[in-house]
Amino acid sequence: MSRWFPWLQAAPLALVLACFLLVPIGLIVVVSFYDYDSFSLIPDFVLTNYREVFASPVTWQTYLKTVWFAGLTWLVTLALGFWLAYYLAFVVQDATWRMVLFVLCTVPFWTSNLIRMIAWVPFLGRNGILNNALVGAGVIEQPLEFLLFSDFAVILAFVHLYTLFMVVPIFNTMMRIDRRLLEAARDAGAGFWQTLWCVILPLCKPGIGIGSIFVVVLVMGDFATVRLMSGGQSASVGLMISNQIGLMQYPAAAANAVVLLAMVLLLVAAMLRVIDIRKEL
Amino acid sequence: MTEQTKPAALTRRGALALAGATMGSGAITGFPTLWAQNIRNVTLRQIGTGVSGLNPIAEQVKKDLGFTLQLTVTDTDAVAQRAATQARSFDIADIEYFSIKKVYPTGALQPIDTSRIKLADKIVPIFTTGRLTPDSAAGQGTSPFSVGFVESRDAKAFAGKRTELMTLMPTVYNADTLGIRPDLVGRPITHWKDLLDPAFKGRASILNIPGIGIMDAAMVAESAGILKYGDKGNMTRAEIDKTIAFLIEAKRAGQFRAFWKTFDESVNLMASGEVVIQSMWSPAVTAVRSRGIPCVYQPLAEGYRAWGSGLGLMRHLSGLELDAAYEYMNWYLSGWCGAFLNRQGYYSAVLETAKANMSENEWGYWMEGKPATADILAPDGKVMEKAGAVRDGGSFQERMGKVVCWNSVMNEDRYMIQKWNEFIAA
């Protein structure tokens with residue numbers, strides 16, 4: 001009996017995951033082999049959907065673009081997130097202040113995603129606040145067009161949205177670093193950069209790993225940000241899937257979803273090989 | 001977002017539907033009009049676009065008919081998608097005719113018995129004969145008439161002629177053209193090809209709903225002399241390739257500022273000055289103008305691209321709820337609603353009842369192309385147009401008479417959408 005006990009304890013979660021995660025994913029895989037016309041799904045086993053994914057240069061472009069978005073966002077959020085976390089963990093000494101500043105980091109999440117994105121328009125637009133201010137100050141003559149409805153705008157919105165996902169885990173690992181290690185480093189003659197590189201950074205790796213997984217997975221699956229901030233000028237895999245669903249091309253969307261899922265899983269697996277996030281847990 | 005009720009519990013609605021079904025099937029006889037009291041408890045769930053999913057209509061339904069109309073508003077593609085895949089999550093689809101070409105054959109809707117629509121014979125002939133007047137042209141594309149009727153209850157193919165069974169009861173339609181900012185374009189706009197004028201580089205937009213966007217693109221391409229279509233509403237693969245190629249070329253040259261998908265996006269693009277010339281819908285022009293920003297719905301030499309939508313009954317509706325739905329459709333044509341929609345710049349399906357509900361000045365301005373004799377008020381009472389104003393494009397006959405194509409679903413639909421995605425991703 002006692003041998004079965006752990007299994008019983010894990011059963012409810014396993015059951016929930018099986019019902020609401022594995023079965024739907026299994027269905028998506030099944031549907032991705034279906035045929036379709038403009039009216040309905042035709043249960044079948046065809047490879048056309050995958051052939052269309054891999055044979056079309058546009059899909060390749062879109063996948064590359066998505067990876068490019070994810071990579072760039074990852075770099076910027078990592079740079080920003082690391083220093084924000086560093087400031088919170090090591091520079092701010094007072095616990096209350098630390099709390100207040102931490103809460104400030106969550107400000108972007110106080111309104112709905114959609115409203116935040118729409119709010120960028122009057123700020124970044126051709127006649128927006130930023131352009132008017134810059135023109136008024138004499139810095140530029142013509143309004144900067146690239147600020148809105150461009151890849152710049154997409155990356156900006158991603159960074160704005162996801163930096164917090166980087167800050168939190170890195171901050172968490174930093175707070176666990178034994179301060180005596182830093183003192184020891186200083187006593188042993190290490191300067192600021194050497195301490196950072198040889199002590200803090202290696203000990204933050206699990207946090208960076210978790211943050212990276214969050215950011216990369218979120219960006220890879222995004223469709224709303226890309227559509228609204230690029231004004232429909234750029235495409236991401238998520239947007240492509242959403243377009244296909246909108247046009248009732250479910251098998252094509254399912255095939256793309258399967259490919260995207262495989263890609264994201266590979267990326268996450270690669271990250272887990274480099275960084276052991278279990279140290280964090 | 002969704003308003004589905006829990007499937008397990010037998011809700012009040014469910015019970016009513018059951019009761020209605022039994023009565024409808026004739027199992028209970030002897031008390032014929034008892035349900036007239038119960039109808040107050042009915043809730044009809046309607047899904048549609050922002051075009052006619054308007055709260056004042058639901059409020060007036062409650063007032064005039066007693067039952068509740070629950071509205072869900074989403075975009076054109078999403079309406080079609082939900083109608084085809086989650087047909088039971090609502091009762092009435094307020095859907096476009098070109099979408100119905102895809103959705104009706106899935107069996108999600110039941111046909112409408114025209115003998116139960118009192119004013120069926122008064123509906124504008126565009127819907128019943130395919131022509132505005134006996135000698136006008138039919139227009140290319142998925143015209144409402146071509147998908148408006150079926151032969152039998154279980155038919156999946158469209159009749160292509162008038163029968164007793166309608167797929168949709170027409171509610172609202174319009175002739176679309178380009179919207180411009182007269183203060184910013186700096187020259188008269190006369191042709192669809194003006195969208196491609198290098199002077200508007202980075203300040204033009206086109207809508208990103210493939211079935212509609214491709215038609216605007218075709219109007220532009222034909223106007224610019226890039227290619228001549230056999231039938232814009234049913235392009236060949238070669239025609240699609242060429243159309244998309246010219247769109248990609250224009251996109252790479254930086255002609256477009258953005259692509260829009262919903263009504264409000266188009267309003268914001270225009271009102272903020274990000275865009276000065278773009279595909280637009282009539283009330284979006286009104287919305288920009290009501291902010292005090294000049295905006296014109298520019299009539300163009302080549303004519304208009306038109307669309308129409310209507311109410312469809314979902315297959316599962318029966319009994320009391322079906323009766324309520326027919327009441328609602330009859331009410332829709334009875335005047336108040338027509339006047340309400342005409343005042344937004346759309347056209348209603350039965351004109352004479354709408355006329356009776358509009359003032360002479362309103363009718364003259366909106367429908368006859370006459371200068372307004374007094375201020376034209378928006379439905380919320382704000383002044384929309386000052387006395388003396390004339391509607392862009394003129395009268396109903398002038399505008400609907402110049403329709404050259406309808407929003408479409410083509411035979412090469414799958415290919416077209418694939419190519420359209422290439423354009424967006426390019």
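These exercises work through sheets, a domain and a chain interface in a predicted model.

**Exercise 1. Find the strand order of the five-strand sheet in chain B, and identify its edges.**

Step 1. The order is E11-E10-E12-E9-E13 in chain B. The sheet is open, and its pairing is mixed.

Step 2. Look for strands with a single partner. These are E11 (256–260) and E13 (296–298) of chain B, which stand at the edges, so each has one side without a neighbour in the sheet.

Step 3. From one strand to the next it averages 25°.

**Exercise 2. Work out the order and pairing of the three-strand sheet in chain B.**

Step 1. The order is E5-E7-E6 in chain B. This sheet is open too, with antiparallel pairing.

Step 2. Identify the edges. E5 (112–113) and E6 (149–150) of chain B each have a single partner strand, so one side of each lacks a neighbour in the sheet.

Step 3. Check one pairing. E6(B) and E7 of chain B (residues 165–166) are antiparallel and share two bridges. Within this pair, Phe149(B) stands opposite Met166(B) in E7(B).

**Exercise 3. Describe the annotated domain of chain A by its secondary structure.**

Step 1. Take the range. An unreviewed UniProt entry places "domain: ABC transmembrane type-1" at residues 63–271 of chain A.

Step 2. Read the composition. Over residues 63–271 of chain A, the chain is 78% helix and 0% strand.

Step 3. Compare the ends. The end C-alpha atoms of this stretch are 19 Å apart.

**Exercise 4. Characterise the side of chain A that touches chain B.**

Step 1. Count the residues, taking C-beta atoms within 7 Å as a contact. On this basis, 24 residues of chain A are in contact with 28 residues of chain B.

Step 2. Locate the helices. H3 (57–91), H5 (113–124) and H11 (237–246) of chain A each supply at least two residues of this side. The largest share, four residues, comes from H11(A).

Step 3. Sort by type. The residues on chain A's side divide into 10 nonpolar, 12 polar and two charged.

Technical notes: Residues are numbered from 1 along each chain as its sequence is written. Chains are lettered from A and ligands numbered from 1 in the order in which they are written. This is a predicted model: local features need pLDDT of at least 70, side-chain atom pairs count only at pLDDT 80 or more; totals for chains, interfaces and linings use all residues. UniProt positions are given in the numbering used here, feature names are shortened, and annotations may be inferred rather than shown by experiment. Two strands pair if DSSP finds at least two bridges between them. Axes are lines fitted to C-alpha atoms, for helices over the stretch in contact, and angles run from 0 to 180 degrees between N-to-C directions. Two residues are in contact if their C-beta atoms, placed from the backbone, lie within 7 Å. Ala, Val, Leu, Ile, Met, Phe, Trp, Tyr, Cys and Pro count as nonpolar, Asp, Glu, Lys and Arg as charged, and the others, Gly among them, as polar.
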